[in-house]
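Subject: Structure for you to look at

Hello,

Here is the structure I said I would pass on. Please open it first, then read my notes below with it on screen.

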Amino acid sequence: MFPWLTSFFANPALLGGAAAGSIPVIIHLLNKQRFKKVLWAAMHWLWAAQKKASRRQRIEQLILLLIRILILVLLALALARPALQEGMGLLAGRTSVYRVLVLDNSYSMGHVVGGQPLFEKAKDLAVQLVDKLNPGDEVDVLLCNNSTEELTPTNSLKHEEVKRDVKAAAISDGSTNLPRGIAYACRMINDRKSKNLRKEIIVITDRTRSGWEIGGQPKKLDSSEEEQIAKAFEDPKSKPKIWVARLSGGDNKENLVAASLEVEEKVVTARADTQLAATFKNVGTQSASKVPVTLMVDGEKVAREEIPLLEPLKPQSVVFHFTFPEAGSHAVSVQMEPDLLPNDNTAFLAVDVEDQVKVLCVDGQQRVTPMQSELDHFRQALSPTMAKEAGAARLPLFPEVISDGALPDANLDNYRLVVLGNVALIPPDKIEALKQYVARGGALWIWLGDRIDPAIYNKDLAALLPMLIGEPVGQGDPEGAFEKLSDKEMDHPAIAKFRNIKGLPMHELHVFRRFKLLPRPEKQSKEKDSVRTVLALEDGEPIACDMRLGEGRVMLVGTTADKDWNNWPGAVGGQYLPLVNLLALDLINPSYLIRNRVVGEAFEYHLPRESVSEARREGIKLVTPSGEPVAMDVNNETFSAVTKPVSKAGIYTAELPGEKKTVVHFAANRNAEESDLDTIDDHEIKAYLPANAGSATERGRFFESNITQEDLELTADDYSSIETSLKKHSSGKEIWRWLIGAVLVLLVVESFLARRFGDYAR
Amino acid sequence: MVLFDNGIKKFIPASASPAHLRLILHELANVVPDQRTDVGTIFHDLAERIKRKGLIVIISDLFDDPEKLLFGLQHFRHKRHEVIVFQILDDFEMRFPFDSMTLFEGYEGWQELLCDPRALRKGYMEEYEQFTEKMKRGCRNNKIDFVPINTKNPLDVVLSAYLATRLNSKFK
């Protein structure tokens, strides 16, 4: 009814209790109406007493009446929890504050405005907001990028230490998620349980859209973050207020970005031409011409190109050709010249260059006669005997063939790809080893054939098969009926590359006999969801499929690797060699890929089994781009070394334990979304919040909880504006304790005076 | 025996006959409290009327000005009478124990008073004690026995106690 009352009283409804102050007056008046009559002889003494006491009695009665009224009025005021406001002169006051500063340190805050990055301005603002706090006020500072971290976890009352830490805070290379930062601040409020009445969340950020939106939709939170917000806002009286101070980046929004750097072929070999593809973007509004870009390998400039015209919203790829002279881990980067947002002008790549990629071919039907064994054609396709003499391009795969009887003794970790060709039986311990091998990033290729019992495979290798093996189809007669591969079903990435090779139609590849491939029985699983058709027959039935399993992949082909059940090795067009190589290279998961991450993710490195104990003993130190060493956690169950999520973009380096002192590189790139300096208006942000609790928004919302437009205030970016806004919502210094104290004192005084005035005398 | 209020209402001369006692008891049984008392003036009047030296026993609440009362009593003593004053008071009149709003309606023409008696108790008791003290002192100076009697106490007990005290003092 009277909204202004909420500025002065926490429980304005209880002010009605002040009417209780009239109770003593009413009692007094009622007493005058209700009396008993007494016939009294000693009237002369009574009148004499009345005459003597009349004036004093009235004053005493008045004093008692006023005290009683005051007690009840003060009690009602205390229950209404009044607060003295700032700007009330001598009575000025302010209640204690618990303030959570959410400082956006995403890399877009590195936007240089007026000669200094926005982040420096944000820090100045944060320092002022800490500086103006009163002793007893609590403050926590959160740095918000991909992840939110507490800057000063235990010093909320030590303002000087907080200021020192804010001044020392560094910009990260992460992107922002401001709703997530607000959720974290709510978690702080819930966990800290500060007794200070006022809870303030002050977000200091820039004006970029990417902090609030992704793909034109509001950034969403997970259920645990939603719970924290709901908890913080469930009590309307103690809920926090959110201020968002958005620093202006000026009118210049021009920004060029080195968006990505990749190798064309995933498996890179030494002394072979390697194509490195870099993508550049213009996220500004004006075209840029003659943009120089430089390729760096292991810290040295190795190539320079110029982009003639880089237009807004039209990414440009630049392909650098480079030959790595030696095998090993290499650090590659591509750079543009610094602009107003210099953080995003470099993209990084860590790549492993190999002399050869070893493939273990387990032949289930080895014969002495040349080209009669199950995998003879396959081995020839991977590494043609006469390639060097013919002057063919160097193929990276180096197959080693063993019989199925030798499989139990093979060390799978020495190979990047294991091929099973018509292998009838696999010992149980080797099946387990194959599972671990694939889970850790290895590639497994299974060819079927006449030695395969589908029932045994479906049972023993169930975890490794992308699809179940069904009944055989076809007679296996090269002169009889056959099925053709489809020229249409070529969506698999490896086959899509094959499609680009002209003159190699798929329909020329015939199948005389095959096992039907049937979907896995489970309703849903991560593995089943990743199953893809690699090769299909003209009727759409799959003849080859693959599946992701852990870090690695498995491919199952429903026919033979040799000519027994198909014509592939002898196809007229010579499709077999490129097909086998493309599929093998696609199946192999280069180990360096998991060492290329986005800022905010963790690095992982799979150690050779024999190195794990040594790594645990000696430890692995990762050196960050700024030269600081960080310890990696070595897990002897997964045979891997992992880091915490990284916050800086660039090349990281680790030296593995052992005599060789092998150096391994890791690369962290920035999320390119943050590079877009497009701004979001205040009303657009407000549009993602409901006007009132329970009402709908026009297009999505940040929070499922009822944070309304009133709960979040967008302010200008100067301190005085923020301070004015803070004061406007200040609830003042609470004085209910003083009022309760006054009530108690008055009760004592009333009791004393009443006795003294003879009120209670009997 | 004399019955009086603001004047002498009944005067029965002294006599030793049994009929005289019956007459006194009859009068006492039929007397009705009436107008405001003017005890001091009546004492003077009586002192002149009673010619024979004797024992004057005054039974009254003595609600009058103590100076006038004592002056009247002195007159009795001047006429060589022995005087005993029994002041008869109700227990409420001696303690004033009221604790809620009360309308006091006065006998003897006093104006009624509505008040919170708790607030007047102190003043009332001061008045009562001052009066009693004055009477005690005045009577003692004039060798008059002053005996306050609380109506809540049995009369025989009070009289026995007084007579015993009087007997003791006569033998000393």
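Helix 17 of chain A spans residues 719–728, and its buried residues are Tyr719(A), Ile722(A), Ser725(A) and Leu726(A). Because these residues cover an arc of only 130° around the axis, they lie on the same side of helix 17 of chain A. Thr724(A) and Lys728(A), on the other side of that helix, are exposed. The cover over the buried residues of helix 17 of chain A includes helix 4 (118–131) and several strands of chain A, among them strand 3 (97–104), strand 8 (198–206), strand 11 (241–247) and strand 38 (712–715). Please keep in mind that this is a predicted model.

In one open sheet of chain A, 7 strands follow the order 31-37-36-33-34-35-32, with mixed pairing. Strand 31 (596–598) and strand 32 (604–606) of chain A each have a single partner strand, so they stand at the edges and one side of each has no neighbour in the sheet. From one strand to the next, the twist averages 30°.

Within this order, strand 36 (residues 650–655) and strand 37 (residues 663–669) of chain A run antiparallel and are joined by 6 bridges. To find this pair on screen, look for Thr653(A), which stands opposite His665(A) in strand 37 of chain A. Helix 15 of chain A (residues 609–618) lies across strand 33 (620–623) and strand 34 (629–635) of chain A, and runs at about 140° to strand 34 of chain A.

The other open sheet is formed by 7 strands of chain A in the order 21-20-22-23-30-29-28, and its pairing is mixed. Which strands are at its edges? They are strand 21 (397–403) and strand 28 (532–536) of chain A, each of which pairs on one side only. Here the twist averages 20° from one strand to the next.

Strand 22 (residues 417–421) and strand 23 (residues 443–447) of chain A run parallel, with 5 bridges joining them. Gly421(A) has Trp447(A), in strand 23 of chain A, as its bridge partner. Helix 14 of chain A (residues 576–587) packs on the sheet and touches strand 21, strand 22, strand 23, strand 28 and strand 30 (552–557) of chain A. The direction of helix 14 makes about 140° with that of strand 23 of chain A.

Regards

Notes. Residues numbered from 1 in each chain as written. Chains lettered and ligands numbered in written order. Predicted model: local features only at pLDDT ≥ 70, side-chain atom pairs only at ≥ 80, totals over all residues. Heavy atoms only, no water. Buried < 20%, exposed > 50% of the residue type's maximum accessible area, 1.4 Å probe, protein only. Helix = DSSP H or I, 4+ residues; strand = E, 2+ residues; numbered from the N terminus. Arc of directions from axis to C-beta. Contact = heavy atoms within 4.5 Å. Pairing = 2+ DSSP bridges. Axes fitted to C-alpha atoms, helices over the stretch in contact; angles between N-to-C directions.
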